[in-house]
Amino acid sequence: MESEKFPEELADALVGIQRLIRRRLRRGLVRPRLRGAEVELLRLVESRPGIGISDAAKELYLASNSVSTLVNQLVKDGFMRRETDPADRRAARLLLTEDAEKRLADWHRRRAELVAGHVARLDEADREALRAALPALRRLADTLHEEAEES
């Protein structure tokens, strides 16, 4: 029988892990810190170069004007470029700058090293349990994403 507290415990564990990873990665940064929403937008543009503002807003579940504000700040800071969409001159396509690509590559590397170091400290049974849980966690993320798109 599934514990009544399991969903809350799972959510708390996932949020806690994310928060701790984010805090650890911020330590030692000499560059200006990017806000969480800015990093999410950069990561989205990294995975979907040329995405438009309205599609980015839908993907991030933010208002278009909020994404537009983030884009303006990231363009000003030299992390993003906005190009006119040749198919629709009123729309903009979002692209990363070389500085943003380098910063994200560094972030990916540092995050992988941080998590790998801590996973290595676990015993083999815990490491295998985490590996085995990944497909279920991905399916959970997919169902949450699908539900958000429907509403």
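In helix α5 (residues 98-120), the buried residues (under 20% relative accessible area, with a 1.4 Å probe and protein chains only) are A100, R103, L104, D106, W107, R110 and L114. The model is a predicted one, in which local features need pLDDT of at least 70, side-chain atom pairs count only at pLDDT 80 or more, and totals for chains, interfaces and linings use all residues. Residues are numbered from 1 along each chain as its sequence is written, and side-chain values use heavy atoms, with hydrogens and water left out. Helices are DSSP runs of H or I with at least four residues, strands are runs of E with at least two, and both are numbered from the N terminus.

The buried residues of α5 pack against α1, α2 (36-47) and β2 (88-96).

Helix α1 (residues 6-26) packs on α5 at an angle of about 120 degrees, with the axes 10 Å apart. Axes are lines fitted to C-alpha atoms, for helices over the stretch in contact, and angles run from 0 to 180 degrees between N-to-C directions. The arrangement of α1 and α5 is therefore oblique, the class left once angles under 35 degrees are taken as roughly parallel, over 145 as roughly antiparallel and 65 to 115 as roughly perpendicular. I21, R24 and L25 of α1 meet W107, R110, R111, L114, V115 and H118 of α5, where contact means heavy atoms within 4.5 Å. This contact of α1 with α5 comprises 5 nonpolar, 1 polar and 3 charged residues. Ala, Val, Leu, Ile, Met, Phe, Trp, Tyr, Cys and Pro count as nonpolar, Asp, Glu, Lys and Arg as charged, and the others, Gly among them, as polar.

The axes of α2 and α5 come within 11 Å and cross at roughly 100 degrees, so α2 is roughly perpendicular to α5. L42, R43 and E46 of α2 meet A100, L104, W107, H108 and R111 of α5; the residues of this contact divide into 4 nonpolar, 1 polar and 3 charged.

Helix α2 also packs with α4, at an angle of about 85 degrees and with the axes 10 Å apart. Helix α2 is thus roughly perpendicular to α4. A37, E38, L41 and L42 of α2 and V67, L70, V71, Q73 and L74 of α4 make the contact, which has 7 nonpolar, 1 polar and 1 charged residues.

Notes
Buried < 20%, exposed > 50% of the residue type's maximum accessible area, 1.4 Å probe, protein only.
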